[in-house]
Amino acid sequence: MRNHLDRHLSAVRNLGILAHVDAGKTTVTERILYATGTTHKRGEVHEGTTITDFDPQERDRGITIFAAAVSCDWDGHRINLIDTPGHVDFADEVERSLRVLDGAVAVFDAVAGVEPQSESVWRQADRHGVPRIAFVNKLDRVGADLDAAVASIRERLHPVPLVVQLPIGTEDGFTGVVDLLRMRALTWSDDGETAVEDDVPEGLREEALRRRRLLEEAVAERHPAALEEFCDGETLSAETLSGALRELTRTGDAVVVLCGSAYRNRGIEPLLDAVVAYLPSPSDVPPVCGMPGGVAGMRSTKGGTRDVADGMHGTVHGMHETADGQRESADRQHETADRMQDAVGEQRPADPAAPFAALAFKVAATPTGRLTYLRVYSGTIEKGDAVWESGARRIERIGRILRVQADRHAQLERAVAGDIVAVIGLKSARAGSTLSAPGAPLVLEPPGVADPVVSVAVEARTSTDADRLVSALARLAEEDPSLVVRTDPETGQTVLSGMGELHLEVAVEKIRRSLGLEVNVGRPRVTYRETVVRGVSGLIFRHVKQDGGAGQFAQIVLDVEPLDAEEVGEGAETGFTFRSTVVGGRVPQEYVRAVEAGCRDALAEGPVGGHPVTGLRVTLTDGATHVKDSSEMAFRTAGRLGLREALRGCAMVVLEPVVEVTVTVAEDAVGGVLGDLAARRGRVTDSAVRGGSAVVTATVPLAELFGYATRLRSRTQGRGTFSARPTGYAPAPAPATTR
């Protein structure tokens with residue numbers, strides 16, 4: 001039985017397709033489905049006939065917006081594949097997908113090489129430790145250059161790229177590849193339907209031998225067994241080379257590079273062979289580690305509980321999160337973090353016979369019902385089984401189990417360790433919820449969620465639709481954790497916040513299309529921050545309150561100072577650190593934690609413009625207590641009010657989000673583009689010529705980019721394109737200090 005289970009797991013690959021927008025990621029996915037016989041007609045992005053881009057907005061816009069899961073079979077292996085978005089506004093979809101994947105294929109444009117979002121998704125995969133292979137696509141394009149693309153991968157992403165193929169032909173004459181492991185040539189017909197294997201063409205033999213030698217030397221440098229064989233015989237067998245490439249890929253010490261043209265259906269079969277040969281199966285990755293189910297509340301991520309409150313499910317109160325509710329959510333999170341530090345991790349192996357554990361990474365409302373997408377890490381579930389849902393701390397029951405093919409579904413009787421499936425019947429599960437066996441509850445680390453950077457005010461056009469809009473926004477926030485819905489306490493407006501202008505535009509359009517609601521949308525606004533540039537030390541704050549009965553007394557002494565950039569990057573995900581140097585027990589430990597909680601309360605609004613405060617360190621240096629009147633509540637209040645007073649004495653500056661913009665235009669339009677970027681307070685950091693086009697890179701405040709796509713098209717007669725990726729925050733000009 002054990003050998004049978006191992007064989008099942010070793011024949012599964014869970015992988016994602018990662019790329020910059022327009023690198024050909026969805027076309028690669030479509031050709032994989034076609035090559036494996038899953039589909040019988042090649043889907044085309046420009047025709048709106050793809051399987052994975054099934055949403056009407058995706059087909060209208062010609063880009064991937066929502067991560068889509070599909071399954072196929074190749075060479076006796078089950079491949080569960082997720083086609084992820086390539087646009088920066090939908091990076092959170094990529095983050096949630098990478099959290100549950102075992103491997104990935106990174107797709108690069110053979111002309112452009114590494115592009116801004118290529119770099120972003122690569123870094124995301126680095127954070128999750130996901131092994132990758134690279135596919136250099138579009139070798140049939142004018143200006144395509146495999147060596148230049150590989151050089152950009154090496155220089156900008158810093159892996160060790162190991163190229164295992166040599167292209168046959170260039171640009172429009174690209175017809176096939178030489179497999180450097182087997183030293184065989186594979187060429188495709190004009191329609192890409194048939195492939196012929198043959199000897200290496202005579203004109204390429206010398207170059208193929210040279211590259212094979214370089215590949216052997218690079219592998220021998222990094223793999224002990226390969227080095228031993230290389231030293232003995234000055235060459236490596238195909239078997240040794242393949243085994244070494246597999247181990248180097250799975251450890252992340254190197255990245256195998258393949259090439260082709262997905263649009264022309266050339267190079268897909270070798271890519272599938274590489275997926276099976278080099279990327280890990282569920283049994284190859286370490287056991288998943290979680291915390292015992294008694295440790296609850298780990299639904300939030302990356303410094304903030306940012307979905308709508310726990311009671312949001314279909315209610316107005318849950319959706320309209322107040323400042324007090326946000327503070328309470330933050331408190332729960334930090335209390336949970338304290339408990340997590342004290343808890344002992346529990347491992348669950350990828351074994352169908354182990355207790356069940358799965359992570360929900362996506363929720364979607366469909367005509368079929370409310371789908372919850374799961375990665376099953378251990379155990380087995382069957383239709384009708386009861387599971388423990390960690391977020392709501394309640395028992396849920398599995399109604400149906402589905403094998404997902406984008407928007408199509410096939411029913412399954414069970415799902416086992418290693419599977420990626422969707423289930424129907426869960427009412428409270430959200431993205432990031434852990435599902436586990438009721439008798440062996442577990443909490444797994446949820447996917448990270450970035451803070452929103454752009455907000456718009458939304459309102460129903462008619463008062464009769466107001467309640468419907470509330471429900472629609474609550475459902476949106478439930479499906480997409482990177483969307484945040486709140487009520488502005490000053491204006492009473494409903495504010496929708498997200499990762500970018502396109503992200504919010506897609507969300508609003510989804511409401512309009514799915515419910516037929518007419519919605520008024522305000523002008524986008526960016527999310528500002530405040531930070532300390534010069535702190536204060538030795539601030540004494542005393543909180544005394546006496547109104548009958550037990551009073552409140554707390555005295556604290558605080559130092560406030562700015563965090564170094566390195567400290568923010570290395571660990572202060574919320575941009576705030578707290579420490580205590582109190583000695584002699586003058587402030588008991590439970591009161592120290594209360595002071596920290598109060599300080600976190602104070603970070604919600606800064607003294608300059610009421611923006612959240614980040615980038616500071618607070619040190620509790622001394623304090624005093626009263627034998628009767630001191631309490632955790634008193635010290636929390638002292639922490640909140642004391643830090644507010646300290647911030648008023650600090651030198652503060654307002655920060656605004658900035659992005660790195662890469663603009664590609666004809667060379668004769670560069671002057672106008674540079675002038676427009678300067679007018680938008682942009683700072684040009686690089687310029688180059690690639691494939692006959694000028695590529696300008698600049699750092700620009702996000703607030704200045706609203707409407708830039710239309711402006712760029714008008715300046716370049718529709719020939720200019722741009723992409724952007726967040727790079728952090730920078731000091732804003734004085735007018736931004738007002739709310």
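**A guided reading of the model**

Leu 655 belongs to strand β36, which covers residues 651-666. The model is a predicted one, and in it Leu 655 counts as buried, because its relative accessibility is 12% and the cut-off for burial is under 20%. Setting aside residues up to four places away in sequence, Leu 655 touches Tyr 528, Arg 529, Thr 531 and Thr 614, and also Tyr 729, Ala 730, Pro 731 and Ala 732. The C-alpha atoms of Leu 655 and Pro 733 lie 8.7 Å apart in space, although 78 residues separate the two in sequence.

That example can be set beside the totals for the protein. Among contacts between residues at least 6 apart in sequence, 73% join residues that are at least 24 apart. The protein contains 19 helices and 39 strands, and of its 739 residues 56% are buried.

Helix packing comes next. Two packed helices are described by the angle between their axes and the distance between the axes. Helix α16 (residues 589-602) packs with helix α17 (residues 632-649) at an angle of about 40°, and their axes are 7 Å apart; α16 and α17 are therefore oblique to each other. The crossing in which α16 passes α17 is right-handed. On the α16 side the contact includes Glu 590, Tyr 591, Ala 594, Val 595, Ala 597, Gly 598, Cys 599, Asp 601 and Ala 602, which meet Glu 632, Phe 635, Arg 636, Gly 639, Arg 640, Leu 643 and Arg 644 of α17. Sorted by class, the residues of this contact comprise 8 nonpolar, 2 polar and 6 charged.

Helices α7 (residues 202-222) and α8 (residues 224-233) give a second pair, packed at an angle of about 125° with their axes 6 Å apart, which makes α7 oblique to α8. Here α7 passes α8 in a left-handed crossing. The contact is formed by Arg 213, Glu 216, Glu 217, Val 219, Ala 220 and Arg 222 from α7, together with Pro 224, Ala 226, Leu 227 and Phe 230 from α8. Its residues divide into 6 nonpolar and 4 charged, with no polar residue.

Beyond α8, Glu 234 lies in the loop between α8 and α9 (238-251). Glu 234 has a positive phi of about 60° although it is not a glycine, and it counts as exposed because its relative accessibility is 56%, where the cut-off for exposure is over 50%. His 158, in the loop between α6 (146-157) and β6 (161-163), likewise has a positive phi, near 65°, in a residue other than glycine. With a relative accessible area of 58%, His 158 is exposed.

How is helix α10 (residues 268-278) covered, and how many of its residues are buried? The helix is mostly covered, with 8 of its 11 residues buried. The buried residues of α10 are Ile 268, Pro 270, Leu 271, Leu 272, Ala 274, Val 275, Val 276 and Tyr 278.

Two further loop residues can be read in turn. Thr 50 sits in the loop between α2 (25-35) and α3 (56-61), and at 3% relative accessibility it counts as buried. Apart from residues up to four places away in sequence, Thr 50 touches Thr 26, Glu 30, Gly 43, Glu 44, Val 45 and Arg 59. Gly 384, found in the loop between β16 (380-382) and β17 (386-389), is partly exposed, its relative accessible area being 32%. Once its neighbours within four places in sequence are left aside, Gly 384 is in contact with Arg 397, Ile 398 and Gly 399. Gly 384 and Glu 396 are 12 residues apart in sequence and, from C-alpha to C-alpha, 9.7 Å apart in space.

It remains to ask where the coordinates call for care. The mean pLDDT of the protein is 85, and 89% of its residues reach 70 or more. Over residues 294-343, however, pLDDT stays under 50, and for this stretch the model has 88 contacts beyond four places in sequence. Residues 569-573 also stay under 50 in pLDDT, and for them the model has 5 contacts beyond four places in sequence. Where pLDDT is low, the predicted coordinates should not be read in detail.

Conventions: Residues numbered from 1 in each chain as written. Predicted model: local features only at pLDDT ≥ 70, side-chain atom pairs only at ≥ 80, totals over all residues. Heavy atoms only, no water. Helix = DSSP H or I, 4+ residues; strand = E, 2+ residues; numbered from the N terminus. Buried < 20%, exposed > 50% of the residue type's maximum accessible area, 1.4 Å probe, protein only. Contact = heavy atoms within 4.5 Å. Axes fitted to C-alpha atoms, helices over the stretch in contact; angles between N-to-C directions. Parallel < 35°, antiparallel > 145°, perpendicular 65-115°, else oblique. Left-handed = near helix turned anticlockwise from the far one by under 90°. Nonpolar A, V, L, I, M, F, W, Y, C, P; charged D, E, K, R; others polar. pLDDT = per-residue confidence, 0-100.
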